[in-house]
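Reader: I am new to this structure. Please take me through one part of it closely, and keep it brisk.

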Amino acid sequence: MPVPSETGASDGDTEETYFTARYRITMGKERYDGLLAFVRHLQASSPAWHAVFYNCNAFVGDIARHMGLTPPSNSLLFPKEYIEKLRALNRA
């Protein structure tokens, strides 16, 4: 069943002890501003979250594709696995 989505930080999201995986990309202000506009568009057009059809990994995958990255094909992975696979798929 779809539920309202939340794409901001939740309780604990910014605390170091809860981080399980990271993938960072350095970018300039122009690219960042364009990406931020795209994220805001997604936030406005994706009001529902669904564990199978559109979850947080799928949201990240949409952002990754917009950046020209290849996201994992399976959005049902655990978030740690999803980010690790995203990083592995996009190593230069």
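Author: The buried residues of α3 pack against α2. Helices here are DSSP runs (H or I, at least four residues), numbered from the N terminus. This is a predicted model, in which local features need pLDDT of at least 70, side-chain atom pairs count only at pLDDT 80 or more, and totals for chains, interfaces and linings use all residues. Residues are numbered from 1 along each chain as its sequence is written, and side-chain values use heavy atoms, with hydrogens and water left out.

Which residues of α3 are buried? They are Y82, I83 and L86. Buried means under 20% relative accessible area (1.4 Å probe, protein chains only). Down the axis of α3, these residues fall within an arc of 95°, so they line one face of the helix. The arc is taken from the directions from the helix axis to the C-beta atoms.

Y82, I83 and L86 also belong to the largest nonpolar core, which has 12 residues. Such a core is a set of buried Ala, Val, Leu, Ile, Met, Phe, Trp, Tyr and Cys residues joined through side-chain atoms within 4.5 Å. α1 (29-45), α2 (56-66) and α3 (79-89) each supply at least two of its residues. The largest share, four residues, comes from α1.

N90 lies in the segment after α3. N90 is buried, at 16% relative accessible area. Leaving out residues up to four places away in sequence, N90 touches Y23, L69 and T70. Contact means heavy atoms within 4.5 Å. A polar atom of the N90 side chain lies 2.8 Å from the backbone oxygen of T70.

Conventions
Buried means under 20% relative accessible area, exposed over 50%, partly exposed in between (1.4 Å probe, protein chains only). A polar contact is a pair of N or O atoms within 3.5 Å; within protein, one must be able to donate a hydrogen and the other to accept it, and residues adjacent in sequence count only if both atoms are side-chain atoms.
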